[in-house]
Each structure stands twice: as structure tokens, then as C-alpha cells.
Amino acid sequence: MTAFRQRPLRLGHRGAPLKAKENTLESFRLALEAGLDGVELDVWPTRDGVFAVRHDPDTPLGPVFQVDYADLKAREPDLPRLEEVLALREAFPQAVFNVELKSFPGLGEEAARRLAALLRGREGVWVSSFDPLALLALRKAAPGLPLGFLMAEDHSALLPCLGVEAVHPHHALVTEEAVAGWREQGLFVVAWTVNEEREARRLLALGLDGLIGDRPEVLLPLGG
């Protein structure tokens, strides 16, 4: 992920969720207009193969992956497709996008293959997931696509098996010892969700490559 190593990246968690509804074009645009380096977003595949930008799987019509995009859009007019979010790079050409692939048992591998096809050839994008099988499928389908393993608990033992370039731990998992171990594997380290200045400065002092947070005003003074 050398293309993302120019400075500590400051990414808006689902955009700027305290200023606009999370995971919407308005939220992402506000985060980028504020001066953040990029945004983190969540995607689910719909039944008809669209990647909908949404955090939760449950909808009034059933699980998002069992519903067609048009039906979801009719109920949620501000629900964007992944392509619409990535198109923001036309207005913000230096922006980077951390696309988190959401998963469900039996869904991740097929979704990974579809996502790899959609992202082929795009710049400024990497994919992260909590699902090791989805990451393995992504690596097979798109050998050059940068990948990150998300961790809410310390599952670092899986990292050598996944072929990822990055690890995205919850900020509470980040210690000097942990960072040293990840660095020995040559990994790009980005922590989430960082909303307090003191914690942000602690993490950057440990040499992290980036922070994901809800509050641009906390992250903006820390780099760039």
C-alpha cells in the first residue's frame, strides 16, 4: 500500500456522521470538503448484484442481500451505490476510499468476487473486511487490490495466512508491542474509531499510518 504511505491518513468513518446521515453522499462529501484525506464506507451486495452503501444488513424488506437495490432505494432515497461514492474522486482527485465489505455466512466469497470485478483498475481504493474468507477470495480474484483485515479482537495470528497489506484494529488493541509485530510483517496500520484527540495523538506517536474517526475536527490538526 505504498500509494497510501505519504502521510498519516485521516479518514471519515462512514463520512462525517455527526454532520449528516452516515454512509450517504452528503456525509462523504462533507468529510472530504472538511479536508480529510478520504472516507471509510460499508457495502453489502443486494440480491441483484448492486453494492449498496449501508452498515446494517436488516431492512424493512428483509436482509439487504435478499432485496433488489431498486426496492431498497424506493424506501431509502439517500442510499447510494458504491459507484456513486467512488465518483466523488472526480471532485476530490486525491481522496482515498476504504471500502469495508460486510459479510454473512455463505455470502462473503461470492460478494468478494463481484466486488473485485467492480473495483478492477480503480485508483485510491482498498477493501477491508472482518471476514477472512472474503479476503482470501478477494486476493484470488484481484491480486493487485490492496486489502486490510479488520479486527475488533486480536486475531493477528490469522494475518500471515490472508495475504493482506494492512491491518485495521480497534484503537484499544493498539499497543507498542502490537505495532511492532504488525510492522515486522510489513503491514499498513490504520485504527478505528478514533474520536478523542488524546487517543489520536497516542496512536500517531506509535507510528500508525492512519486513523478512522467520526469527527473531522479531531483528525484534521493531526497531519496533512
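## A charge over a ring

Which residue has its charged end over the ring of Tyr69? That would be Arg81, whose charged end sits 5.5 Å from the centre of the Tyr69 ring. Keep in mind throughout that this is a predicted model.

## Aromatic pairs

How exposed are the two partners? Phe130 counts as partly exposed because its relative accessibility is 37%. Trp192 has a relative accessibility of 16%, so it counts as buried. Elsewhere, ring pairs tie Trp44, Phe65 and Phe104 together into a cluster.

## How α4 packs on α5

If you like helix packing, have a look at α4 (residues 108-119) and α5. A packed pair of helices is described by the angle between the axes and the distance between them. For α4 and α5, the angle is about 35° and the axes are 8 Å apart. Their crossing is right-handed.

Which residues make the contact between α4 and α5? On the α4 side you'll find Gly108, Glu109, Ala112, Arg113, Leu115 and Ala116. They meet Leu133, Ala134, Ala137, Leu138 and Ala141 of α5. Sorted by type, the residues of this contact are 8 nonpolar, 1 polar and 2 charged.

## The loop between β1 and α1

The loop between β1 (9-13) and α1 (25-34) is worth a look, and Lys19 is found in it. Is Lys19 buried or exposed? Its relative accessible area is 55%, so Lys19 is exposed. From the C-alpha atom of Lys19 to that of Asp68 the separation is 29 Å, and these residues are 49 apart along the chain.

Arg14 is not a glycine, yet its phi is positive, at about 60°. Asn23 is not a glycine either, and its phi is also positive at about 60°. As for accessibility, Arg14 is buried because its relative accessible area is 15%. Asn23 counts as buried because its relative accessibility is 3%.

## Gly213 in strand β11

Gly213 belongs to strand β11 (residues 210-213). With a relative accessible area of 1%, which is under the 20% limit, Gly213 is buried. What does Gly213 touch, leaving out residues up to four places away in sequence? Its contacts are Leu11, Gly12, His13, Gly15, Thr193, Val194, Asn195 and Leu219.

Leu136 is another matter: the C-alpha atoms of Gly213 and Leu136 are separated by 27 Å. Along the chain, Gly213 and Leu136 are 77 residues apart.

## Two buried leucines

Start with Leu88, which sits in the loop between α3 (82-86) and β6 (96-101). Leu88 is buried, as its relative accessible area is 7%. Setting aside residues up to four places away in sequence, Leu88 touches Leu25, Phe28, Arg29, Leu32 and Phe97. The C-alpha atom of Leu88 is 20 Å from that of Leu220, a residue 132 places away along the chain.

Then there's Leu222, in the segment after α9 (216-219). Its relative accessible area is 12%, so Leu222 is buried. Which residues does Leu222 touch, again not counting those up to four places away in sequence? They are Ala200, Arg201, Leu204 and Leu211. For Leu204, the C-alpha separation from Leu222 is 8.3 Å, and the two residues are 18 apart along the chain.

Key. Residues are numbered from 1 along each chain as its sequence is written. This is a predicted model: local features need pLDDT of at least 70, side-chain atom pairs count only at pLDDT 80 or more; totals for chains, interfaces and linings use all residues. Side-chain values use heavy atoms; hydrogens and water are left out. Buried means under 20% relative accessible area, exposed over 50%, partly exposed in between (1.4 Å probe, protein chains only). Rings of Phe, Tyr and Trp (its six-membered ring) pair if their centres lie within 6.5 Å; planes under 30 degrees apart count as stacked, over 60 as edge-to-face and the rest as tilted. A charge sits over a ring if NZ of Lys or CZ of Arg is within 6 Å of the ring centre and within 35 degrees of the ring normal. Axes are lines fitted to C-alpha atoms, for helices over the stretch in contact, and angles run from 0 to 180 degrees between N-to-C directions. Helices (H or I, at least four residues) and strands (E, at least two) are DSSP runs, numbered from the N terminus. A crossing is left-handed if the near helix is turned anticlockwise from the far one by less than a right angle, and right-handed if clockwise. Contact means heavy atoms within 4.5 Å. Ala, Val, Leu, Ile, Met, Phe, Trp, Tyr, Cys and Pro count as nonpolar, Asp, Glu, Lys and Arg as charged, and the others, Gly among them, as polar.
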